[in-house]
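Student: I'm new to this one, and I'd like to learn how to read it piece by piece. Could we go through it together?

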Number of protein chains: 2
Amino acid sequence: MLAEIITIGDEILIGQIIDTNSAYISKELNKIGVKVYQITSIQDDRDHILQSFNDAKKHVDLVIVTGGLGPTKDDVTKQTFCDFFEDTLVEDMNVVENVKQLFKKYQLNKPLPANFQQAMVPSKATILANLHGTAPGMWMEKDNVVFVSLPGVPYEMKHLLQEEVLPRVVKRFNRPFIYHKTLLTYGLGESAIAERIANWENNLPESIKLAYLPSLGRVRLRLSSTGKNEKLLQESIDSQMDVLRGMLSDIAVGFEDETSIVGRIAHILTQKDQTLSLAESCTGGSIVEQITIEAGASSFFLGSIVPYKTELKTKILGVPSSLIKKHSVVSIEVAESMAINCCKLFDTDFSIATTGIAGPTKGDGKDEVGTVCIAIGTPHGVISEKFSFGNDRFRVIEKSTNKAFEMLLKEISKN
Amino acid sequence: MLAEIITIGDEILIGQIIDTNSAYISKELNKIGVKVYQITSIQDDRDHILQSFNDAKKHVDLVIVTGGLGPTKDDVTKQTFCDFFEDTLVEDMNVVENVKQLFKKYQLNKPLPANFQQAMVPSKATILANLHGTAPGMWMEKDNVVFVSLPGVPYEMKHLLQEEVLPRVVKRFNRPFIYHKTLLTYGLGESAIAERIANWENNLPESIKLAYLPSLGRVRLRLSSTGKNEKLLQESIDSQMDVLRGMLSDIAVGFEDETSIVGRIAHILTQKDQTLSLAESCTGGSIVEQITIEAGASSFFLGSIVPYKTELKTKILGVPSSLIKKHSVVSIEVAESMAINCCKLFDTDFSIATTGIAGPTKGDGKDEVGTVCIAIGTPHGVISEKFSFGNDRFRVIEKSTNKAFEMLLKEISKN
């Protein structure tokens, strides 16, 4: 059971937006046993769309098309659907009604003629009601291949996929099970890991695939398998993963499918009924943003401060100005004082404090761009470390954030 | 002059990572007049790669391939390149030397045999030196079509593209100029804008293309054109953009190619020598993160606090607990008090304060999920507004953040 995802619209091809829809759709299809064969982004051009539809039809059972359904002129998708399916557009009264309802509920003005054009749909299409926008989804078939058209607005696409498309795919197709499990590791390179686990990897059953996914300071190791017996599949991957985790116990953080590193921190703190606060200078809110984006953060996270201006480290956090003067603002000593005072100010068990030079300029300090000090306040004292993270601002912030989470996880995992 | 981008690797097809590389490459190619015809993501499977190469060769002049170059087993790309170009792998001594140098500089351990496999390259390839990683880039030609292979790690890919690929593309191909200009608007829907500018749009010259790009609460309007005379191209787009901006002056925020809304806020505050602080409750650091990710934030941004726990609004920000008790924590009154006290605490001209229920649960308040109050502290007082942003946590945070920036921009733009 294979699928292709086709996105229509210039904005991806000129790099104006990043295609997050396809990643979401791929993940959801995988969960119900549908393998994505290819993702293709094309212009909203009739010939190019037709060619992609014909190519896709040769290789896959299901084609999911997103984009190209807006009420304005840059869209040719629906007419091309008609050409491909030898069909014509007709007015769908349910869609007309939906447009009226949406405007009544959410808009000050009345719907315009352009909004009602959304109700013109191919006569052979099964219409998928879009409760969150005016463009409906469409389900059509040709030579046993299913084509689904969805609006490109992520929120609308997601609802239609979950409520209308996936249940229909489950009913319409026989699918195997696909099972992935991903181990997160920190601190060792791809090749060094490969060398360490070579014997085990060479003896993996044919049916299990291992992938290495490296990024800044981390390598994720993914085991995948496809089959008819869900239980057997999970058992074989889980038992291989146990072996892998055992070989990498010094660098393994947890499983990605269960949890990210933030998820793991949240889980441990919540379970131990302990709390966290933050004092972020050079990371400028990157840490707090990653913590609060997860639901349930309020059960362990109390608050955070970004003392961007040096004087605020003294005024609000109470870091002695003499300490800053003596050691410079980017120092182990200042980071530790920030962490200790952060625990006091917010009354928490743990804290993270960062101070450093993200760049591109050095500021008023004597330290090089990329110098970062991170401290973790704990119920038993404070630990800290000084790093050089290079001269790329984005990377300095990202690496500092990752390192801070890694240091915190180590501390909260102790007894 | 057309290009195709092909990404190799399962991680995009199973939705484990989002393809940001292709957006970056597209944007950079556009700047030098290369139009991206298609972006294709495929598995690291020999037959699929060969088929995609052959398809691409029919339509474009340049194929940029990313991914599939790691030192571990999940990669078949280089061998497939050899098959496609009827070539064999040979050892490149410069790459060997680069691997040695990188390990000396950045790693504690010595390079492993797997690391030196990176030096095995097709004999016909021009090798593009990768100073930031062990996998080199490669440039090959077949029947007048150029194929470039780059590692998938974003940082390495970006350096190779900028330093090795783009200069070679500029030399090798005759390219037209491509010019885009995008107007950011807030507060009016796609159809309503289309209706208002219909006359102008219908009379646009054939050579200029208009695209509508809607997202939460905003519509971006992009004018694009391609031609040989760069100056003429810019002039014709700029003058049409002036007309468009004039018609939409009540909802236009600025041009996207120049600046985002945060960039515009930064520009105005820096120019007026005024300062900003933040008190973010329900947005949980999403606002501060967007401000500090930009270089130069320290010239106007002094600091921020995330008082996630209700008591901290009183303890650190000084919001009277009687006020919270009387009006509830999600109220105009509390938001305004937060904004006023935030200006005082951080000693700034302006502040943003947010308080609300992002969900998924209601918490202890009586308000519905999605209720958000935003206040802007100014030198002349405080303004505020209450919103209902629906019941999706991510959207509540994103909408609140966008709305807060919009409200702040309005205030700082006065006089």
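Tutor: Let's start with Ile64(A), which sits in strand β3 (residues 62-66) of chain A. Helices (H or I, at least four residues) and strands (E, at least two) are DSSP runs, numbered from the N terminus. Residues are numbered from 1 along each chain as its sequence is written, while chains are lettered from A and ligands numbered from 1 in the order in which they are written. This is a predicted model, where local features need pLDDT of at least 70, side-chain atom pairs count only at pLDDT 80 or more, and totals for chains, interfaces and linings use all residues.

Student: Is Ile64(A) buried or exposed?

Tutor: The general idea is to count C-beta atoms, placed from the backbone: a residue is buried if 20 or more others lie within 10 Å of its own, exposed if 12 or fewer, and partly exposed in between. Ile64(A) has 30 C-beta neighbours inside 10 Å, so it counts as buried.

Student: Which residues does Ile64(A) touch?

Tutor: Contact here means that the C-beta atoms of two residues, placed from the backbone, lie within 7 Å. Leaving out residues up to four places away in sequence, Ile64(A) touches Ala3(A), Ile5(A), Ile25(A), Val148(A) and Leu150(A). Met407(A) is another matter: Ile64(A) and Met407(A) are 42 Å apart in space, C-alpha to C-alpha, and 343 residues apart in sequence.

Student: Which domains does chain A have?

Tutor: Domain bounds come from an automatic or database domain assignment. For chain A, that assignment gives domain 1 (2-172), domain 2 (177-255) and domain 3 (261-413). The centres of domain 1 and domain 3 of chain A, taken over C-alpha atoms, are separated by 44 Å.

Student: How many helices and strands are there in chain A?

Tutor: Chain A has 16 helices and 17 strands. Its C-alpha trace spans about 80 × 60 × 40 Å along the principal axes, and 48% of the 415 residues in chain A are buried.

Student: How do I read strand pairing?

Tutor: Strands of a sheet pair through backbone hydrogen bonds, either parallel or antiparallel. The rule used here is that two strands pair if DSSP finds at least two bridges between them. Take chain B: strand β3 (residues 62-66) runs parallel to strand β8 (residues 145-150), joined by five bridges, and Val63(B) stands opposite Phe147(B) in β8(B). Strand β7 (residues 137-142) of chain B is also joined to β8(B) by five bridges, but antiparallel. There, Glu141(B) has Val146(B) as its bridge partner. β7(B) and β8(B) form a hairpin with two residues between them, and Asp143(B) in the turn has a positive phi of about 50 degrees.

Student: Which strands of chain A pair with strands of chain B?

Tutor: One case is β14 (residues 301-306) of chain A with β14 (residues 301-306) of chain B, antiparallel over three bridges; Ser304(A) stands opposite Val306(B) there. Another is strand β2 (residues 35-42) of chain A, joined to β2(B) by five antiparallel bridges, with Ile39(A) opposite Ser41(B). Strand β2 (residues 35-42) of chain B is mostly covered, with eight of its eight residues buried.

Student: What is the strand order in the open sheet of 10 strands?

Tutor: The order is β17(A)-β16(A)-β15(A)-β13(A)-β14(A)-β14(B)-β13(B)-β15(B)-β16(B)-β17(B), with mixed pairing. β17 (381-388) of chain A and β17 (381-388) of chain B stand at the edges, each with a single partner strand, so one side of each is left without a neighbour in the sheet. Within it, strand β13 (residues 276-280) of chain A runs parallel to β14(A) over four bridges, and Leu276(A) has Phe301(A) as its bridge partner.

Student: How are the two chains related?

Tutor: Two copies of a chain are related by a rotation about an axis and a shift along it. Superposing by least squares on the C-alpha atoms of residues with pLDDT of at least 70 in both copies, chain A can be laid on chain B with an RMSD of 0.2 Å by a turn of 180 degrees and a shift of 0.1 Å along the axis. That is the relation of a two-fold axis.

Student: How many residues of chain A are in contact with chain B?

Tutor: 68 residues of chain A are in contact with 68 residues of chain B. In chain A, 99% of the interface residues are also interface residues in chain B, so the copies meet through the same surface.
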